[in-house]
Amino acid sequence: ENAVKYGHFRSEDEAIYVTVQLSRNDIIIEVKNPVREMNEDLQDLDNTIQWIRGYQNPFQAYVEKLKEVSEKKLKEGESGLGLVRIAYEGQALVDFYVDENNVLAVSAVYQK
């Protein structure tokens, strides 16, 4: 959903790519989409991921985020729970990088 919302598609050739890798010990899901150069959305993404990692476990981050979103007015169509839900409900480590072509890759890794 965020790839559609925040992607920056300059031509019809650019697309969203989703890959799923399965192994005996882990599942990796990665979503790639083009973005503008470093901007506020990417800084927010980095801040959110670092905030989630700052908790001892994803459940604590999830509870804190539920409290936060229940107390503030969000933009239409925004829940504010996406990444923390993936971390908690999916028990996944969430990370991202932006490559030299301004393609954002967000990954979620679940390890058994």
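Where in the chain does Gln-91 lie? Gln-91 sits in the loop that links α4 (82-89) to β3 (92-98). Here are some friendly notes on that residue and its surroundings.

1. **Ground rules.** This is a predicted model, in which local features need pLDDT of at least 70 and side-chain atom pairs count only at pLDDT 80 or more, while totals for chains, interfaces and linings use all residues. Residues are numbered from 1 along each chain as its sequence is written, and side-chain values use heavy atoms, leaving out hydrogens and water.

2. **Overall layout.** The chain holds four helices and four strands, where helices (H or I, at least four residues) and strands (E, at least two) are DSSP runs numbered from the N terminus. Read from the N terminus, the order of elements is α-β-β-α-α-α-β-β.

3. **Dimensions.** Along the principal axes, the C-alpha atoms fill a box of roughly 40 × 40 × 20 Å.

4. **Surface and contacts.** The accessible surface comes to about 8,100 Å², and 49% of that belongs to carbon and sulfur atoms (Shrake-Rupley method, 1.4 Å probe; for residues, only the protein chains shown count as cover). Of the 112 residues, 24% count as buried; buried means under 20% relative accessible area, exposed over 50%, and partly exposed in between (1.4 Å probe, protein chains only). Among contacts (heavy atoms within 4.5 Å) between residues at least 6 apart in sequence, 53% join residues at least 24 apart.

5. **Strand pairing.** β2 and β4 pair in the antiparallel sense over nine bridges, with Val-31 facing its bridge partner Val-106 in β4. β3 and β4 also run antiparallel, joined by seven bridges, and here Ala-92 stands opposite Tyr-110 in β4. Two strands count as paired if DSSP finds at least two bridges between them.

6. **Two positive phi values.** Gln-91 is not a glycine, yet its phi is positive at about 45°; this residue is partly exposed, with a relative accessible area of 44%. Asn-102, also a residue other than glycine, has a phi near 60°. Asn-102 is in the turn of the β3-β4 hairpin, which has four residues between its strands. At 18% relative accessibility, Asn-102 counts as buried.

7. **Asn-33.** This residue of strand β2 counts as buried because its relative accessibility is 3%. Leaving aside neighbours within four places in sequence, the contacts of Asn-33 include Ala-3, Tyr-6, Phe-9, Ile-16 and Asn-102.

8. **A nonpolar patch.** Val-4, Phe-9, Ile-16, Val-18, Val-20, Leu-22, Ile-27, Ile-29 and Tyr-110 make a nonpolar surface patch of about 790 Å². Patches are made of residues with over 30% relative accessible area and no salt bridge, with like charges joined within 9 Å and nonpolar side chains (Val, Leu, Ile, Met, Phe, Trp, Tyr) within 5 Å; a salt bridge is a side-chain nitrogen of Lys or Arg within 4 Å of a carboxyl oxygen of Asp or Glu. β1 (17-22) and β2 (26-34) each supply at least two residues, and the largest share, three residues, comes from β1. Val-4 belongs to helix α1 (residues 2-6) and counts as exposed because its relative accessibility is 60%.
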